[in-house]
Amino acid sequence: MDRPPLSPEQQAEAQRIYDVLRQAADADLHNLAQLLATKADGDLLGATEFQVRDAVHKIGAKALEAALQGRKKGGTRAPAAPAPTAARRHASRGGRPKRSKAPSAPSA
């Protein structure tokens, strides 16, 4: 896969993600290797494929989590401003439906 060259900041971020991911996914990769080692050639496809896919999805989720973790900005530092008040209160109907002014048509 062709990728554009990384800036120094992007290289540092990629290394940070790789280090976090390698540590977080090490146990998952070990479990995946053990699963595959226990399967005979004829058992590698089928149900085992789904087990492998689930393990790889778990590793992918950890990769996204590692990338997002370093990008959290921490939010705002100032307290939130109060919400503006409404100009006037609307009359409440107490949940009753509005009555129609036109008479309803007789049922057949």
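G60 sits in helix α2; helices here are DSSP runs of H or I with at least four residues, strands are runs of E with at least two, and both are numbered from the N terminus. G60 is partly exposed, at a relative accessible area of 32%. On this scale, buried means under 20% relative accessible area, exposed means over 50%, and partly exposed lies in between (1.4 Å probe, protein chains only).

This is a predicted model, with local features needing pLDDT of at least 70 and side-chain atom pairs pLDDT 80 or more, while totals for chains, interfaces and linings use all residues. Residues are numbered from 1 along each chain as its sequence is written, and side-chain values use heavy atoms, without hydrogens and water.

**The chain.** The chain has 2 helices and 0 strands. Of its 108 residues, 10% are buried. Its accessible surface is about 10100 Å², and carbon and sulfur atoms account for 58% of that. These areas come from the Shrake-Rupley method with a 1.4 Å probe. Contact means heavy atoms within 4.5 Å. Among contacts between residues at least 6 apart in sequence, 61% join residues at least 24 apart.

**The helix pair.** Helix α1 covers residues 8-37 and helix α2 covers residues 47-69. They pack at an angle of about 160°, with axes 9 Å apart. That makes α1 roughly antiparallel to α2, a label for angles over 145 degrees. Axes are lines fitted to C-alpha atoms, for helices over the stretch in contact, and angles run from 0 to 180 degrees between N-to-C directions. The crossing of α1 past α2 is right-handed, meaning that the near helix is turned clockwise from the far one by less than a right angle.

The α1 side of the contact includes I17, V20, L21, A24 and L32; the α2 side includes V52, A55, V56, I59 and A63. By class, the contact has 16 nonpolar, 2 polar and 5 charged residues. Asp, Glu, Lys and Arg count as charged; Ala, Val, Leu, Ile, Met, Phe, Trp, Tyr, Cys and Pro as nonpolar; the others, Gly among them, as polar.

**Individual residues.** D28 lies in α1. D28 is buried, with a relative accessible area of 8%. Beyond four places in sequence, D28 contacts K58, I59 and K62. E13 is also placed in α1. Leaving out residues up to four places away, E13 touches A67 and R71.

Two C-alpha pairs span the sequence:

| Pair | Sequence separation | C-alpha distance |
|---|---|---|
| E13 and G70 | 57 residues | 8.3 Å |
| G60 and L21 | 39 residues | 9.2 Å |

Technical notes. Parallel < 35°, antiparallel > 145°, perpendicular 65-115°, else oblique.
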